[in-house]
Amino acid sequence: MKRLSEKLKIAVYSGNIPSTTFIENLIEVLSEDGFEIFLFGKKKKEMRYNENVKLFPTPVSEIKLVYFVLKEFLILFLKSPHLFKKCFGEVREKSRNIKIFFRNAGFILPVLNHQPDIFHIQWAKTVEQNPELFRLLKCKFAVSLRGAHINYSPLTDKSLDKAYRKYFPEIDGFHAVSEAISAEAVKYGADKNRISVIHSSVKDELLDLNPEVHKKGSKVELISVGRHHWKKGYHYALDAMKILKDEGVKFTYTIIAQGEIPEELLFMIDDYKIENEIRIINGMPNDELIDLLQTKHMLLLPSVEEGIANVVLEAMAAGIPVMTTDCGGMKEAVADRYSGYVVPVRNARSIAAKVKEFISEESDVKRELIRNAKMTVRKEFTREKQRAGFRNFYENVYGK
Amino acid sequence: MRIGMVLPEAPQYSETFFNYKIKCLKESGYDVTVFSGKRSKNKYFYKHIAAYPVYKNKKFRQSILFISVIIKTFVTSPYRSVKLAGKEIKDGSSFIGAVKILYMNAHIITHNLDWIHFGYATMSLNRENLAEVMNAKTGVSFRGYDINIYPLKNPGCYKKLWGKLDKVHSISDYLYSKALKLGLPGEIPYRKISPAVDTALFKFKSDPGSIKSPLRILTIGRLSWIKNLETAISAIKILKEGGTDVVYTIVGFGSEYERLKFAVYQSGLEENVIFSGKKDHKEITKIMNESDIYLQPSYQEGFCVSVLEAQASGLLCIVSDAGGLKENIIDGETGWIMPKRDPEAIAEKIREVMNLPEEKRKETAKRARIRVEKEFSLEDQKKKFSEFFKD
């Protein structure tokens, strides 16, 4: 056991440095809270972290990788000839060819040489990739349960389904982003008692924003944010916009999504003749996004699958009314007609009906809704609460 | 008469439409050559010439081949080559661009043809001047994606083609009308030749128009957003919640399996929806025979042969009002048409059909079979194809 004065060393592992926005947020939150954070994986971009974050990246280029692996093997040999022998044997056995040998060695060696106390896997799918190599590590394992990896990937990927069932019982602790996803993970053999639900958080300063509310009966400006992917349900949103247009409702709808616009959406916009109402913007930096959000009347989340969408929390904090489907853990953040609007998944008619309801609502009601949403964020989705959640989680996992 | 058909790939066995088209033309005395983008080892019953390859990662190999092909083409067809390159430059390409266009057409330009026919409108891109320099005529077929979707991503892509066309074939009036909106001049001669079905291969059910319990619904098609199977799955959910015992079989494969599988899982329909993957003709006739209703919920459709096959087999067909489907089914006569993308409407229509008197359903199935035999026969299609290049 560590003495209290010593910091727990947590490897936040997603495979890439930097990782996605919310994992980078997590790194930030944890590193400010007395943990030592180790980052392993491929370095894609130069990043600046505070002094509690230590990077042990694996090079991407082949020549550098060879040098890196040889160097790390030597360090391991000097540290522990026994572990060196074991590691070398295991990597050789698990590698079909020399290229994979170097890739596997490049992955596991820095972790062996800088043993963390807890290896925290951010993407559940990772458990399938190197289970035998993970066994070389003498540390605790934590796995985050988020989105697609739990909710639908194993439905069509039978080998992933099998891997979850095989390795989940060996994991020391799970971090679930929502109650809903923790229930899904239990189906694959995750021990319910080892799952901690820790909601994500938003920056406190968003709570100070107070944009104007929509005036009853006026044109409504809607916005959605999130990558182009079927799970985001933009096609259902466009179906709803068609219904609104047919009913003579005045509106605009902006989608902020990175990448090429899918054919499906292009075809829908053309087919429905809603070119003038719809605008699709190819990505946007977060601060600009917050500015844009404040000019809109409502954030719409038409998804069919989510953990808890961070952009909804951000909008709630910033005082923009939200409408979400009841997918994933969304209902843990939004209560219908209390802190926002909730509609069933895969249901364009409901979206259209609720938008109309919103338009015809008095401003006071909308202000009340915004107040309640801010209160929800203050209670459930603050940095402080997330920090405390992880502190507890890691201490439990480590002390187990 | 010598016809060059330009296709992305030489038609495989399963692509009955093209195979049959080529066969018809040959039987009518035409000399048909298929020009395709890809080389293949298969044996064909027609002349088949593949384009010179484009290597993405082998620059050296590509340069050598490129130079030798260009030299060879200039030597064998000097007049045509110079003329094509000249026309392309006049149309605004750079010199390199023009030579590249010559390379991608080098397998065609050396042949003597009376017609160059593009199997899809997209096949005509960068080939618009080809027929003119070869003293041939230009024909094109509209088939669906090429008119419905490609121009959305590439506005104005057929502007050049419209000026060069001698004749247009479309599988539905719908696609033709859409092409007119894209700028196709109305004075260019147009023929609609719908897909046909060999009714001998699809046996009329012994109990046409019957409804069993559980209700057996079938869709055949790629797992793609175009087919709008998500809407159908939502409709099945509504039926189930309304107390109908239903099994929905989806035959086909495609890139959106995960999306659909999740829709089924999320809707609690794992017992009711079966993805049976790709099936061959024999298996399909068996599945047709064991189904009651054929559903085509498509968001867009050029015409849809599967709906013809289902009608030939004696199934009750319910289709969306997308694209060419309205020409495929006569609403209330040979099947039923409902608005696309509306699960409530699909569920409602299925209930309505279930509640029809047995006799009414049987009559509908019979009328559908008769219409398919009469209006979508292979004989008829053959006649129309042979006439297409005549006048």
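Before I sort any lining by class, I need the classes: Ala, Val, Leu, Ile, Met, Phe, Trp, Tyr, Cys and Pro count as nonpolar, Asp, Glu, Lys and Arg as charged, and the others, Gly among them, as polar. I also remind myself that this is a predicted model.

**Entry 1: the second largest cavity.** I looked up its volume and found about 50 Å³ of space. Its lining comes from chain B, with Ile193(B), Ser194(B), Pro195(B), Ala196(B), Glu375(B), Phe376(B), Ser377(B), Asp380(B), Gln381(B) and Lys384(B). Sorted by class, that lining gives me 4 nonpolar, 3 polar and 3 charged residues. Which helix gives the most to this lining? I found that α18 (residues 378–388) of chain B does, with 3 residues.

**Entry 2: the largest cavity.** I then checked how many cavities of 30 Å³ or more the structure holds, and the count is 3. The largest has about 70 Å³ of space. Its lining includes His235(A) and Glu264(A) from chain A, along with Trp225(B), Arg259(B) and Arg341(B) from chain B. Two elements of chain B, α11 (229–241) and α12 (257–266), each give two or more residues to that lining. By class I noted 3 nonpolar, 3 polar and 5 charged residues.

**Entry 3: a stop at Glu128(A).** I found Glu128(A) in helix α5 (residues 126–129) of chain A. Leaving out residues up to four places away in sequence, Glu128(A) touches Ser159(A), Leu160(A) and Ala163(A). I also looked up Asp161(A), 33 residues from Glu128(A) along the chain: their C-alpha atoms are separated by 9.5 Å.

Conventions:
Residues are numbered from 1 along each chain as its sequence is written. Chains are lettered from A and ligands numbered from 1 in the order in which they are written. This is a predicted model: local features need pLDDT of at least 70, side-chain atom pairs count only at pLDDT 80 or more; totals for chains, interfaces and linings use all residues. Side-chain values use heavy atoms; hydrogens and water are left out. On a 1 Å grid over the protein atoms alone, a cavity is a set of points where a 1.4 Å probe fits but cannot get out, and a pocket is an open set with protein on both sides within 12 Å along at least five of seven lines; lining residues have an atom within 4 Å of a point. Grid points are joined across faces, edges and corners, and a volume is the space filled by probe spheres set on the points. Helices (H or I, at least four residues) and strands (E, at least two) are DSSP runs, numbered from the N terminus. Contact means heavy atoms within 4.5 Å.
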